[in-house]
Amino acid sequence: MPVEPNRNAPRWIADHLPSPQPHNIVYSTISVKETDHLDIQPLGSKEAGTFVNAFLKRSLPRLDADQIQTHLSRKAVILEHFLKKRKKQKRRKTKCLSAKERRELRIFELKPEQQRYKLFLPLHQLWKQYIRDLCNGLKPDTQTQMIQTKLLKADFHGAIVTVVKSKCPSYVGVTGIILQEMKHIFKIITVENKLKAIPKQNSIFSVEIDGFVSYIYGSKFQLRSSERSAKKFKGKGSIDL
């Protein structure tokens, strides 16, 4: 009685068999003619063995050569997914200049030829437009409390201020455009083209824009503009110098 070919055999082997043959023929080595026709390497060739060993070594990096050969004797080999660890590149933090270095470089100092009141009048016009946009337009019916709340967190570079009160009489009446606002002082340029540093401590300043006049109590205003924008101010009944 003839033996039928194994139905579990690879399809490409069964397709190229001329007719049903005995069981031993199904598992025989593929001939050179058939390997040339199928454009495959013959079973047991050195090239195939080298490729398989290299492939398994790359796919199973945790196993040595003996363990890989043990895996080859089994019916199935489970390949591992190996990911190469990427080296984390350290981000270089940009080093900022220290306060001492800024003073030595004189970054914020104005040259004498630049200390001209007229040069900063366009800056004042920009500041006025900035305040109008911040307050949604300064109209006669605008609430004063809303304007004062907005001004508490506004940037005053370019504003024209006047010293109304001060414990130092020489500061009273000084008017000019604010060029630099620091934590404890206002640097202003006067109409006489003089650059003056007015301390906030023990001084009251007035700011006028479109008919609205607000007062800045310097003793309670000793913050940088960046810090002031995030600070919550509490209303107080009376404030002294």
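**Entry 1: the whole chain.** I noted at the start that this is a predicted model. I looked up the secondary structure and got nine helices and six strands. The chain has 241 residues, and 23% of them count as buried. For the surface I wrote down an accessible area of about 18900 Å², with 54% of that belonging to carbon and sulfur atoms. I also checked contacts between residues at a separation of 6 or more: 40% of these are between residues 24 or more positions apart.

**Entry 2: helix 7.** I picked helix 7, which runs over 121–134. It has 14 residues and reaches 20 Å from its first C-alpha to its last, close to the 20 Å expected at 1.5 Å a residue.

Which residues of helix 7 are buried? I found H124, W127, K128 and I131. Looking down the axis of helix 7, I saw these buried residues fall within an arc of 100°, so they line one face of the helix. I jotted the general rule beside that: an α-helix has 3.6 residues a turn, so residues three or four places apart point the same way. On the other side of helix 7, I have L126 and D133 down as exposed.

Next I asked what covers the buried residues of helix 7.

**Entry 3: salt bridges.** How many salt bridges does a search of the whole structure find? It finds two, and I took them in turn.

In one of them, R132 pairs with D210, and their closest N and O atoms are 2.7 Å apart. R132 lies in helix 7 and D210 in the loop between strand 5 and strand 6 (212–217), so this pair ties together parts that are 78 residues apart in sequence. Buried or exposed? I got something in between for R132, which is partly exposed at a relative accessible area of 23%. D210 also counts as partly exposed, at 35% relative accessibility.

The other salt bridge joins the side chains of K200 and E181, at 3.2 Å from N to O. This pair links distant parts of the chain, 19 residues apart, with K200 in the loop between strand 4 and strand 5 and E181 in strand 2. Both K200 and E181 are buried.

**Entry 4: a second look at K200.** Leaving aside neighbours within four places in sequence, I listed its contacts; among them are E181, M182, H184, F186, F205, G218, F221 and L223.

**Entry 5: a patch on the surface.** Last, I looked for nonpolar side chains on the outside. L97, L105, I107 and F108 form a nonpolar surface patch, with about 390 Å² of accessible area together. I107 is in the loop between helix 6 (99–105) and helix 7. With a relative accessible area of 43%, I107 is partly exposed.

Note on methods: Residues numbered from 1 in each chain as written. Predicted model: local features only at pLDDT ≥ 70, side-chain atom pairs only at ≥ 80, totals over all residues. Heavy atoms only, no water. Patch = residues over 30% accessible without salt bridge, like charges linked within 9 Å, V, L, I, M, F, W, Y side chains within 5 Å. Areas by Shrake-Rupley, 256 points an atom, 1.4 Å probe, with all protein chains shown as cover. Salt bridge = Lys/Arg side-chain N within 4 Å of Asp/Glu carboxyl O. Helix = DSSP H or I, 4+ residues; strand = E, 2+ residues; numbered from the N terminus. Buried < 20%, exposed > 50% of the residue type's maximum accessible area, 1.4 Å probe, protein only. Expected span 1.5 Å × (residues − 1). Arc of directions from axis to C-beta. Contact = heavy atoms within 4.5 Å.
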